[in-house]
Amino acid sequence: MITPQLLACGAVLLLCVLKASSRDTFLAAVYEHAVILPSTTLEPVSREEALRSMNRNLDVMETAIASAAKQGAHIIVTPEDGIYGWNFNRATLYPYLEDIPDPQVNWIPCNNPNRFGHTPVQERLSCLAKDNFIYVVANIGDKKQCNASDPQCPPDGWYQYNTNVVFDSQGKLIARYHKQNLFMGEEQFNVPKEPEVVTFDTTFGKFGIFTCFDILFHDPAVTLVKDLHVDTILFPTAWMNVLPHLSAIEFHSAWAMGMGVNFLAANTHYPSKNMTGSGIYAPDSPRAFHYDMKTEEGKLLLAELESHPQPSAVNWASHASNQKPLSTESQEFKGTIFFDEFTFVELTEATGNHTVCQKDLCCHLSYKMSEKRSDEVYALGAFDGLHTVEGSYHLQICTLLKCKRTDLRTCGHSVETASTRFDMFSLSGTFGTQYVFPEVLLSDIKLAPGEFQVSSDGRLMSLKPTSGPVLTVTLFGRLYEKDQALNASSDFTAQTLRILVAVLACILCSLYW
């Protein structure tokens, strides 16, 4: 007979074993890969040629994965499109795809490569994870056959998915995620029938995964954090930087802080398409980041993170709602940021307090410049509305930014360098959302780790004079519940206009990047 005392001892022993096997911290790695693109063709290449192309990229990734493992990394994230590139249509992408099974099948491709057909890419990724005893996160293409009995089946008889896979340190496939929010131009892929929310547990925390454009939408990104309580997000991306608010390192580090999670972002390195910017971000500050528009080389980053970060509660509207707006209507002017019309006021003095409002959003700024230069202009801007260019999503943004030139009509244009440092700043807004992402970006596209904080009442505040000249200080808010303002009542016209505007966006953005 098992006595109560023996049961109690067993329970204590089990807790001790579980505690010993878990880690308080872990070493994370991300690899910004300079993708080797295949030749662009109008006709599909052979499967053999597709494999040769993918293996050229995997050869480079193998070196990075082995290096990360030798330095003690527990997990490494590689970029979206990093294995096969882009510039595909549905037919030309097909030779690069593999059938990726549901991870519940309990499969180690390295040990049993032919269990689910010909899967050499999954086999190689599995062996890289197993041989180096490291979790490997990669982005590849999945294919799923369908037929006429499925009314949504594409005419070519296949669903094709932009897919993230995760292999654990034994080489086992433990996660598969099909990208939900496809970016404009990803017509070679299908959207999954239902949004997928993918997590997995390790001895160093609970992980969630999504891809690139997903970060701007509620599902699956917010659901993973708020409902499933993941500790760390894994984020393969092919991110094209858009200043002043959507540079990769700027926005991804802000998302980590705003959501209170670790964030491992691996970007494709392709400067001619403005693709660079990877990082390892904790909720309180970036741990490592990389931005390089000058070379064609990849970059491996490593940093230690807490396995279970503890986010701080923030009431984003608390401080701003108690401030009396200053009358600035006579000084206001309009400016455009990424095709959205902001309301601005110029910062005319070296020190000051300003308010600017648009619709339901009022932004409040207190600041002190190190000096007021005659050759630089800064402005405080507010935007509250639906952005409808490459996607439809509702924003509330408060931003302090440098204008491109002293001409106020250039406020909101892309700027990469500045000369004005700030001794202090405090920015807040009457946000109608709890989802606000705090950004601080310095000259030459650099972050400012340890130089600012977010208070519990919603102020983005400097902790010390900035270490470099300021490009922007921004609170980037998302009102997910208002994303559907463009609804079926205007579907065809709205969609047509969005396509035309998107084409124009690509043309104009290329001009001032």
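This is a predicted model: local features need pLDDT of at least 70, side-chain atom pairs count only at pLDDT 80 or more; totals for chains, interfaces and linings use all residues.

Reader: What makes something a contact here?

Author: Heavy atoms within 4.5 Å make a contact.

Reader: How many helices and strands are there in the protein chain?

Author: The protein chain has eight helices and 23 strands. Its 513 residues are 57% buried, and the chain exposes about 21900 Å², with carbon and sulfur atoms supplying 53% of that.

Reader: Why are helix 2 and helix 4 called roughly parallel to each other?

Author: Look at the angle. Helix 2 (residues 47-70) and helix 4 (residues 120-132) pack at about 15°, with their axes 10 Å apart. Angles under 35 degrees count as roughly parallel, so helix 2 and helix 4 get that label. Their crossing is right-handed.

Reader: Which residues of helix 2 and helix 4 make the contact?

Author: From helix 2 you have R47, L51, M54, N55, L58, D59, E62, I65, A66 and A69. Helix 4 brings P120, V121, R124, L125, L128 and N132. Sorted by class, the contact has ten nonpolar, two polar and four charged residues.

Reader: Why does F338 count as buried?

Author: Compare its value with the cut-off. Buried means under 20% relative accessible area, and F338 has 13% relative accessibility, so F338 counts as buried. F338 sits in the loop between strand 13 (333-337) and strand 14 (340-346).

Reader: What is the phi of F338, and what is the phi of F339?

Author: F338 has phi near 50°, a positive value in a residue other than glycine. For F339, phi is near 70°, again positive in a residue that isn't glycine.

Reader: Where is there a cis peptide bond?

Author: One joins L243 and P244, with omega about 15°. P244 is in the loop between strand 8 (232-237) and helix 6 (248-259). The peptide bond from D219 to P220 is also cis, and its omega is near 5°. P220 has its place in helix 5 (residues 218-226).

Conventions. Residues are numbered from 1 along each chain as its sequence is written. Side-chain values use heavy atoms; hydrogens and water are left out. Axes are lines fitted to C-alpha atoms, for helices over the stretch in contact, and angles run from 0 to 180 degrees between N-to-C directions. Helices (H or I, at least four residues) and strands (E, at least two) are DSSP runs, numbered from the N terminus. Angles under 35 degrees count as roughly parallel, over 145 as roughly antiparallel, 65 to 115 as roughly perpendicular and the rest as oblique. A crossing is left-handed if the near helix is turned anticlockwise from the far one by less than a right angle, and right-handed if clockwise. Ala, Val, Leu, Ile, Met, Phe, Trp, Tyr, Cys and Pro count as nonpolar, Asp, Glu, Lys and Arg as charged, and the others, Gly among them, as polar. Buried means under 20% relative accessible area, exposed over 50%, partly exposed in between (1.4 Å probe, protein chains only). Accessible areas come from the Shrake-Rupley method with a 1.4 Å probe; for residues, only the protein chains shown count as cover.
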